[in-house]
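Subject: Handing over a structure, with notes

Dear colleague,

I am passing on the structure below, and I would be grateful if you would look through it alongside the notes that follow.

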Amino acid sequence: MTAGSIRGRQNTVKSVAVLSLLCMAATVVAAEPIIAPDADAPVFGAWRNLQTEAGYQPPQRNLAFAMLPQAATRGDRFVILDREGKRAVCCLQVASESLGVAALREQFHLPQAGVTDLSNGRSPARPYLPHVYAMQRVDELADYRFADVAGAYSDLGGLLLPDAAGLAADGSEVRLGEAHYRLQFHRQPLADDDGALDRYTLQVLPAGVPVVVEVPFGTY
């Protein structure tokens, strides 16, 4: 057998081996399920109650905005947490397309401090870059009175929960179907007395990856 025929047989063997490996790899890939994002996963977010900047006429107050970790559509509903009153109140409803900085300034005439809050720009951790939406108060929330407690912030904003969520009587757990989430709250003053940063941590029980939502309250 000549050297050329030996090399030819070696190349043929290598080609067959490569094809075999490719076929095996294709079989493995085909056997593995394609994992799509869980569209049914609960969405927890934040909301803020803001007003137009000083001097703008006519002034607008009680403008509600949502800060969500993912895109939403018009009509999507969320309940808000009245932390002091230990209640989940229905509902805030998405009433706009996703809003960028230009729309917040030019369409809603928000002060820069409010725009910074909605982009979560004051957060050192910034759990997510929010999708911002104008929201409409509907059902019970349309004329809801928040608990009158010194230092209360719930009427100015806070935690958004899926519209099917409920709260334990003592306010320590969020309940969503069969799932229970331990709810923890921490308030951190911002530098130079420039407001506060509220952090909500939801830990699915008995164990799971916690969900963190931060709500900044800058002064202006």
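To begin with the cysteines, to what number of disulfides does the count come? The count comes to one disulfide, where a disulfide is a pair of cysteine sulfur atoms within 2.5 Å. Before going further, please keep in mind that this is a predicted model, in which local features need pLDDT of at least 70 and side-chain atom pairs count only at pLDDT 80 or more, while totals for chains, interfaces and linings use all residues. Residues are numbered from 1 along each chain as its sequence is written, and side-chain values use heavy atoms, with hydrogens and water left out.

The disulfide and its surroundings

The disulfide links C90 and C91, whose sulfur atoms lie 1.8 Å apart, and the link is left-handed, with -90 degrees about the S-S bond. Are the two cysteines buried or exposed? C90 is partly exposed, with a relative accessible area of 24%, whereas C91 counts as buried at 1%; buried here means under 20% relative accessible area, exposed over 50%, and partly exposed in between, with a 1.4 Å probe and protein chains only.

L141 belongs to this part of the picture as well, being found in the loop between β5 and β6 (157-162). L141 and C90 are 51 residues apart in sequence, and in space they are 5.6 Å apart from C-alpha to C-alpha. Not counting residues up to four places away in sequence, L141 touches I80, V89, C90, C91, L92 and F146, a contact being heavy atoms within 4.5 Å. L141 counts as buried because its relative accessible area is 3%.

The overall make-up

The protein has three helices and 11 strands, both taken as DSSP runs numbered from the N terminus, with helices being H or I of at least four residues and strands being E of at least two. Of its 220 residues, 38% are buried. The protein exposes about 12700 Å², of which carbon and sulfur atoms supply 54%, the areas coming from the Shrake-Rupley method with a 1.4 Å probe, and for residues only the protein chains shown count as cover. Among contacts with a separation of 6 or more, 60% are between residues 24 or more positions apart.

The barrel

Six strands make a closed barrel in the order β1-β2-β5-β4-β3-β6, with antiparallel pairing, where two strands pair if DSSP finds at least two bridges between them. From one strand to the next the twist averages 45 degrees, with axes being lines fitted to C-alpha atoms, for helices over the stretch in contact, and angles running from 0 to 180 degrees between N-to-C directions.

Four bridges join β8 (residues 173-176) to β9 (residues 179-189), and L176 stands opposite A179. These two strands form a hairpin with two residues between them, and G177 in the turn has a positive phi of about 65 degrees. β9 is joined to β10 (residues 195-204) by nine bridges, in a hairpin with five residues between the strands, where D192 in the turn has a positive phi of about 60 degrees. Eight bridges then join β10 to β11, and L202 has V211 in β11 as its bridge partner.

The nonpolar cores

The largest nonpolar core holds 33 residues, of which F65 and L110 touch the most other members; such a core is a set of buried Ala, Val, Leu, Ile, Met, Phe, Trp, Tyr and Cys residues joined through side-chain atoms within 4.5 Å. A second, separate core of 16 residues includes V43, V94, Y133 and L160.

With best wishes
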